[in-house]
Structure formats: C-alpha cells, structure tokens
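Try each task before you read its solution.

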Amino acid sequence: MNNNSKNTEKEIFNLWEKAGNALNNQQQLNKENMETLLNTTSSEFSRSQKKLLKADAIFKVVLIFGFIVISAFNLANLFVLAASLICIIIGTMAIKQERLLIDGLHELNDFNGNIRDQLEKDIQFYRSNIFKYPLVLAISVFLFYILGSLTYHGIKYEVIRPIEDLEDGIVLLSLLMISFLFAFVVYYPFFRTRIKYLNSLLKDIDQDDKISRHIDSEKTRKKRMAILTSILIIAGIVILIAIIIAIL
Amino acid sequence: MDQENKMKEKFLNLVEMHQGIIHKILSVYTYNVEDREDLLQEIMLQLWKSFPGFREKAAFSTWMYKVALNTALLHKRKKMKEKYTVEALIENRAQQIGLSKDDNTISLYMAIDRLGPIDKAIALLYLEQKSYQEIENILGMKKNNIGVRISRIKDKLKKIFEYEQQL
C-alpha cells in the first residue's frame, strides 16, 4: 500500500514535469509578444477603480471650472458666489481625497512582501475606504446637479434667486443624500464582494495555523521531555557509578 | 528614457528566462484560451509594474512566483470552472497543455482543478519541488502549517488522481 502510494507520488511528479515540457514547447513568449502585452490595458480591479477615480477627478475639475464661469457671470449675486465657492471647496476637497485613493490603489500594486501580507494590505485598504469611495463619487453627482440648476435658472429666468425657504434647503440636502445613497448602492457591493473574497483567501492561508501551533507546542514538549529524560539518565548513571565506586 | 529602456530590456530577459513559471501558473488557474490570454496579460502588466520593487538580492523566480500567483489568485475569471462539463474541461486542458485527452497528465490536472485557490498554489510549489522556506517566502505561511497542508494536499491529489485514472 505504502509502495503504491510512493509510486503514485513519483508518477505525479513525472507527469508534472512532462506537462511543464509540453507547455514550454507549445507556448513560447518572446520579447516581441511580451512588449505587445505590456502595451495593453489592464482590466484588473484596482486598476479599473483607479481609472474610474481619475475620470471622476477630471469631471470634477470641469465642474469646478463651470462654477468659476457661472460666478464670473453673476459677480453681483451673493447667493451664486457663495454657492459656487462652497461647491468649489467641496469639489477640491473631493479631488484631494480621490488623489489619496489613487495613491492607495497604486501602492497596492507595489508588491514587496509575500502573498499573505499583500492580501492583508488589500483588505485593510478596501475596508478603510468602503465609505469614502462612494462619497467622493457621489459629490460629482451633487455638484453636477447644483451647477445644472444654477445654469438652468440663469438661462431661463436670467436671474438666479437664492434659496428662500427651508423646503429648498431640505430638497437640496435630500438630493445630496440620494446621490450618496445611489453611489453607495452601486459601489458598495463591489467592495463588499472584493473584501469577502480577499478574506476567504486569507482565511484559507491561515487555515491550519492552529494545527501547526499545536504541532509546534507538541514538538517543544517532546524536546523538553527528551532533555529531562537524558539529564535523569545521565544523573542516574553518575549516581550508580558513584555508588559502585563507594562500595568498591 | 535610456534608463527605462535598460530596465525594460533587463525585465524582458529575466521573464523570458523564467517564463516556465508563468505557463505553469496559467495552466493551473485558467480553463480556456480566453481566460489564459487575459491572465497572461495581467501577470505581465503586474510583473512590469512591480519590477522596480524587485530587490536584486532575492531570487527572481521567487519574486516572480509571488507576483504571478497573487495576480492569478485575484484575477476575475470570465467563466467559472463549474460552468464547464467534465468533457469540455478535459478537452480544454488537453488543448492548453498540448497533449492528448487520454494522457495521464490530464488526470493530474483534473485532480489539481478540484483544489481550492490557495491549495492549488501550494500544490504547484510542491510539484515544483520548492523548499518549505521558499513556500513560506512566497505565500507567507508558517513552515509547520505548510507541512500539514502539503501532506493533506498530497493525499487528496493521490486519491483524486487514482480515481480520475480509473474513469
């Protein structure tokens, strides 16, 4: 039975080697096709997120520029100036956060440690940004809505009136909440699934840690026992020799 | 620019020399040509992106295993293995490796296919006869843990392989 098992193991190694040779003969990478591969675009999760954030940051810059233009046309309108200034500040802050997220995603690609460390790094990043990510994207929707409303009022009525009652404020605030909720509903599942998958891989890596710790402590215990037994045997022999010498 | 060209040249030479690692990882983690091409592209891009962080002191092959395996583990497959019939899987495997469908190597791959993603990585490194130390460096698992896992994977592989051969 044991011999059979060893033969199977040997056969597995031989087959693996055979497969390796067959693969090497069939699929050769040369410098030319490797260069072509390096010029393609990646569809990997972190890279696609990076692209989305970059595109959104550009969109925000366009919106900020729109607020500057609308302010320039309404220099006497304090409401438009104040609203634009607030939106420009919010937009700039969001762009800054997007840059931090892009840097964070970029760091995920700097592979230095082992796979376990890398998984922990990925989980940590996605967990800590699970709310920030939809929020910065939602701000674009909000800014777009404000800029669109101001422009529409400016074109249709030629005068942009300030918010006069509480109702307008509530509607605006609700829109911010709805845009955040929308972005959250769209992006949260992606992050959740990603974190779940990364966690399952990490758990899989750590699966036998308890068993190995138990084996470790067992080995230490056995080592201690062996040392103690050796000391006792040596001591016993010494005492025995001493007794024999004393008798003689 | 010249510096970058030099670095690229060095990178391409090293990858060309160690390309067997990529082919083996692709053969274990993909089930069709389309996925294979996708993962190959991702691995190449990730290797190139991470290359500035590669420390000369470390063995290039160990570093390559780390990056390529990590990419394979995180790669989103277009079609999951479960969606294939056994016949289609055998057909794809034979085509991918370039051997006949009746070759015993296909049975070995069918056995590896039944392992989880991390176990596949351990099996691959074990079959590549990597030391426990190297496996620890690549995966970040403790040596004793590796021993336990390898012995379990070995048993599993043997059983499934023997069963596959009987079919």
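**Exercise 1: The form of chain A**

Task: Compare the radius of gyration of chain A with that of a compact globule of 248 residues.

Solution. Start with the reference. A compact globule of 248 residues would have a radius of gyration near 18 Å. Now take chain A, in this predicted model. Its radius of gyration is 34 Å. Next, look at the spans. Along its principal axes, the C-alpha trace of chain A covers about 125 × 60 × 30 Å. Then turn to burial. Of the 248 residues in chain A, 22% are buried. Finish with the elements. Chain A has 8 helices and 0 strands.

**Exercise 2: One residue of chain B**

Task: Is B:Gln96 buried or exposed?

Solution. B:Gln96 sits in helix α5 of chain B, which covers residues 86-97. Second, count neighbours. B:Gln96 has 23 C-beta neighbours inside 10 Å. Third, apply the cut-off: a residue with 20 or more is buried. So B:Gln96 counts as buried, because it has 23. Fourth, list its contacts. Beyond its neighbours within four places in sequence, B:Gln96 touches B:Ser27 and B:Arg36. Fifth, check a distance. B:Asn32 is 64 residues away along the chain, yet its C-alpha atom is 7.6 Å from that of B:Gln96. Last, check confidence. Among the elements of chain B, α5(B) has the lowest mean pLDDT, 80.

**Exercise 3: Two domains in chain B**

Solution. Begin with the bounds. Domain 1 of chain B runs over 1-81, and domain 2 over 84-167. Their C-alpha centres lie 20 Å apart. Now count. Domain 1 gives 14 residues to the contact, and domain 2 gives 14. On the domain 1 side, α2 and α4 of chain B each supply at least two residues. By class, that side has 7 nonpolar, 3 polar and 4 charged residues.

**Exercise 4: Where the chains meet**

Task: How many residues of chain B are in contact with chain A?

Solution. Count both sides. 49 residues of chain B are in contact with 43 residues of chain A. Sort the chain B side by class: 21 nonpolar, 17 polar and 11 charged. Finally, note the scores. The model has ipTM 0.84 and pTM 0.76.

Notes. Residues are numbered from 1 along each chain as its sequence is written. Chains are lettered from A and ligands numbered from 1 in the order in which they are written. This is a predicted model: local features need pLDDT of at least 70, side-chain atom pairs count only at pLDDT 80 or more; totals for chains, interfaces and linings use all residues. Helices (H or I, at least four residues) and strands (E, at least two) are DSSP runs, numbered from the N terminus. A residue is buried if 20 or more other C-beta atoms lie within 10 Å of its own, exposed if 12 or fewer, and partly exposed in between; C-beta atoms are placed from the backbone. Two residues are in contact if their C-beta atoms, placed from the backbone, lie within 7 Å. Ala, Val, Leu, Ile, Met, Phe, Trp, Tyr, Cys and Pro count as nonpolar, Asp, Glu, Lys and Arg as charged, and the others, Gly among them, as polar. pLDDT is the predictor's confidence in each residue, from 0 to 100. Domain bounds come from an automatic or database domain assignment. The radius of gyration is taken over C-alpha atoms; the globule rule is 2.2 Å times the number of residues to the power 0.38.
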